[in-house]
Amino acid sequence: MNLYLSQVMAIIRKDFVTEFKTRELFSSMFVFAVLVMLIFIFSINLSVVKANQVGPGVLWVAILFAGTLGLNRSFTLEKENGCLQGLMLAPVDRSAIFFGKMLSNLAFLLIMEAFLLPVFMIFFNVELGSHWAPLLAVILMGTLGFSALGTLLSSLSSNLKTREIMLPILLYPLMVPIAIGSVRLTGQILDGKSLADMMNWVGLILCFDIIFISASIMTIDHILEE
Amino acid sequence: MSDASQETDSPGYGLMGLAGAGILAAMGAIFIYVPTEKTEGVVQRIMYFHVPSAWIAFFAFFIVFLCSILYLWKKEREWDIYAHASAEIGIVFCSLVLITGPLWAKPIWGVWWVWDARLTSTLVLWLIYVAYLMLRGQSEAGSTRAKYAAVIGIVGFLDIPLIHFSVLWWRTFHPDPKFITTQGLGTGNDASMNITLLVAVGAFTLLYFLLMSLRVRLERMKDEIDRIKKERLYSH
């Protein structure tokens with residue numbers, strides 16, 4: 001078990017080292033997310049609708065779109081210079097590769113969200129400080145589900161000729177439960193409700209996380225082959 | 001090899017006759033036998049196409065799920081063919097659901113579309129399997145394509161209950177199911193309507209199996225042609 005954990009950690013460390021060297025992924029994800037928010041602010045009239053009602057939707061769309069950029073890079077980067085070949089030749093379990101990639105995608109997204117939330121707070125003029133704990137829980141759950149399914153589909157689509165197009169087409173319809181659930185939960189939290197009142201949504205998102213992490217572990221062997 | 005090709009050449013006339021008779025019976029029941037509904041009028045008859053199509057779409061996607069699991073387990077081309085054929089038929093019937101629904105909704109609800117739970121989940125389902133077929137179209141034939149498609153076939157079906165609940169809690173206006181109710185089977189409708197619906201569902205199910213057998217035959221023929229082509233290519 002210890003060996004398995006260190007293998008997963010090694011893959012995460014590798015991704016972070018690559019990112020510190022190239023510095024192309026994180027900045028582009030963050031700038032893209034801010035741009036998505038900006039475009040939404042132009043397209044909705046904030047003097048008519050309440051920021052609490054449209055804000056969560058805009059925040060999550062920005063996260064999902066920027067996350068797709070990151071996921072697209074995640075395995076394409078491995079394909080360059082035969083990096084994935086090397087990973088698969090290494091004597092590690094395929095699920096360790098999956099967990100490593102998933103957790104590094106999750107970490108990148110969470111760091112980006114940490115920078116994005118203050119921007120969101122300023123642009124939409126909403127108060128996040130008083131309910132940061134439930135908000136953090138929702139963001140963690142939602143992003144976990146997104147990275148789990150996203151990493152699986154990214155490993156699959158990176159082998160296609162039209163990978164940048166196919167990833168969102170495959171990913172977004174499957175992400176509907178996370179998208180609706182997270183937006184709903186975030187909206188309710190901004191309205192000052194507690195998570196205990198919305199346990200059905202919490203349960204749904206947790207189910208999504210568990211189902212797709214286990215489905216990925218079971219099917220990743222078939223994708224990372226050859 | 002000649003035995004196998006003989007087998008693929010014989011069309012299922014029995015099934016074809018059965019499905020044809022079923023469709024004729026369903027048409028008779030829908031347009032002649034069943035009386036016009038009192039409040040909704042003649043437009044209600046579209047329900048006898050809408051509900052069976054929805055049933056076939058879900059059934060077809062369930063077959064995709066089963067065949068995808070069997071493919072990843074056994075790695076036999078046969079299961080890949082079944083999954084592919086079933087997904088195509090499922091998309092056809094799912095599109096029929098999405099077309100017949102608004103045709104009924106316009107006169108009854110006054111709008112083509114509302115963001116109701118069942119409408120939304122059917123649309124999302126349609127998008128998932130369109131993506132599935134696009135993935136098949138984008139990758140080279142072979143075991144890699146079959147594996148990728150199988151993964152999407154499994155993941156897509158596992159997502160259906162989650163999508164269902166998420167859009168259900170989001171909002172819903174769809175008429176409650178009339179046939180399968182909490183009081184038991186067939187208590188919500190008039191008896192003649194239930195019979196007609198059952199005949200239509202039966203006919204559509206036969207049609208599904210007929211289309212499946214034709215599509216599977218077509219795919220096997222393609223394989224056979226590929227095999228012959230390769231044989232000729234390397235024999236020179």
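Trainee: Is Asn125(A) buried or exposed?

Mentor: Asn125(A) is exposed, with 11 other C-beta atoms within 10 Å. Keep in mind that this is a predicted model.

Trainee: Where is Asn125(A) found?

Mentor: Asn125(A) is in the loop of chain A between helix H5 (94-124) and helix H6 (132-157).

Trainee: And what about the phi of Asn125(A)?

Mentor: Phi of Asn125(A) is positive, about 60°, although the residue is not a glycine. Most residues other than glycine have a negative phi.

Trainee: What is phi for Arg23(A)?

Mentor: Near 50°, again a positive value in a residue other than glycine. Arg23(A) sits in the loop between helix H1 (2-22) and helix H2 (25-43) of chain A. With 10 other C-beta atoms within 10 Å, Arg23(A) is exposed; the cut-off for exposed is 12 or fewer.

Trainee: Switching to packing. At what angle do H3(A) and H8(A) pack?

Mentor: About 140°, with the axes of helix H3 (residues 51-79) and helix H8 (residues 176-190) of chain A 8 Å apart. Angles over 145 degrees would count as roughly antiparallel, so H3(A) and H8(A) are oblique to each other. Their crossing is right-handed.

Trainee: Which residues make that contact?

Mentor: H3(A) contributes residues including Gly55(A), Gly57(A), Trp60(A) and Leu64(A). On H8(A), Ala179(A), Ser182(A) and Gly187(A) are among them. By class, the contact of H3(A) with H8(A) has 7 nonpolar, 7 polar and no charged residues.

Trainee: Over to chain B. How far apart are the axes of H4(B) and H7(B)?

Mentor: 9 Å, and helix H4 (residues 77-109) packs against helix H7 (residues 191-235) at about 130°. H4(B) and H7(B) are therefore oblique to each other, and their crossing is right-handed.

Trainee: What's in that contact, by class?

Mentor: The contact of H4(B) with H7(B) has 8 nonpolar, 2 polar and 4 charged residues. Glu88(B) of H4(B) is one of the residues making it, and those of H7(B) include Arg215(B), Glu219(B) and Arg220(B).

Trainee: Last topic, the interface. How many residues of chain B are in contact with chain A?

Mentor: 25 residues of chain B, in contact with 22 residues of chain A. Helix H5 (117-138) and helix H6 (143-170) of chain B each supply at least two residues of the chain B side. H6(B) gives the most, with 16 residues.

Trainee: And how does the chain B side divide by class?

Mentor: Into 19 nonpolar, 4 polar and 2 charged residues.

How values were computed
Residues numbered from 1 in each chain as written. Chains lettered and ligands numbered in written order. Predicted model: local features only at pLDDT ≥ 70, side-chain atom pairs only at ≥ 80, totals over all residues. Contact = placed C-beta atoms within 7 Å. Helix = DSSP H or I, 4+ residues; strand = E, 2+ residues; numbered from the N terminus. Nonpolar A, V, L, I, M, F, W, Y, C, P; charged D, E, K, R; others polar. Axes fitted to C-alpha atoms, helices over the stretch in contact; angles between N-to-C directions. Parallel < 35°, antiparallel > 145°, perpendicular 65-115°, else oblique. Left-handed = near helix turned anticlockwise from the far one by under 90°. Buried ≥ 20, exposed ≤ 12 C-beta atoms within 10 Å, placed from the backbone.
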